[in-house]
Amino acid sequence: MTEQPVTFTCHGEQIVGMWHGPADAGRPAPALVFCHGYKGHKAESHRLFVNAARAFAAQGVGVLRFDFRGSGDSGGEFSDVTISGEVDDACEAIAYVRS
């Protein structure tokens, strides 16, 4: 199992995430993208997303958890957050995992 910080962009702003890869990283595997709630972050309360991502990775499922723009470690301002912007961020996260 591997854990590594990752970055990608959406509309020119940096998105920061953490990739939890399964132990056998050389083979195709299913993957999940964790999207936090309003005013949340990529770890979530009580490290819920961290613990869940590690458990999934231990079972052979890759997980990307990330901060939407305007939240956590990602670029942007919270006052600029919109639902359509978060959808765009989530689509970029999915594209990152697919790549």
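What follows is a short account of the fold, surface and core of this chain. The model is predicted, so to speak of local features takes a pLDDT of at least 70, side-chain atom pairs count only at pLDDT 80 or more, and totals for chains, interfaces and linings use all residues. Residues are numbered from 1 along each chain as its sequence is written, and side-chain values use heavy atoms, with hydrogens and water left out.

The chain holds four strands and two helices, taken as DSSP runs (E, at least two residues, for strands; H or I, at least four, for helices) numbered from the N terminus. Read from the N terminus, the order is β-β-β-α-β-α. Along its principal axes, the C-alpha trace spans about 40 × 30 × 20 Å. Of the contacts (heavy atoms within 4.5 Å) between residues at least 6 apart in sequence, 61% join residues at least 24 apart.

Buried residues (under 20% relative accessible area, 1.4 Å probe, protein chains only) account for 36% of the 99 residues.

On the inside, the largest nonpolar core has nine residues: Val6, Phe8, Cys10, Ile15, Leu64, Phe66, Phe68, Ala90 and Ala93. Such a core is a set of buried Ala, Val, Leu, Ile, Met, Phe, Trp, Tyr and Cys residues joined through side-chain atoms within 4.5 Å. Strand E1 (2-10), strand E4 (62-66) and helix H2 (83-98) each give two or more residues to this core, with E1 giving the most, three. Leaving out residues up to four places away in sequence, Ala93 touches Phe8, Val33, Leu64 and Phe66.

Methods:
Buried means under 20% relative accessible area, exposed over 50%, partly exposed in between (1.4 Å probe, protein chains only).
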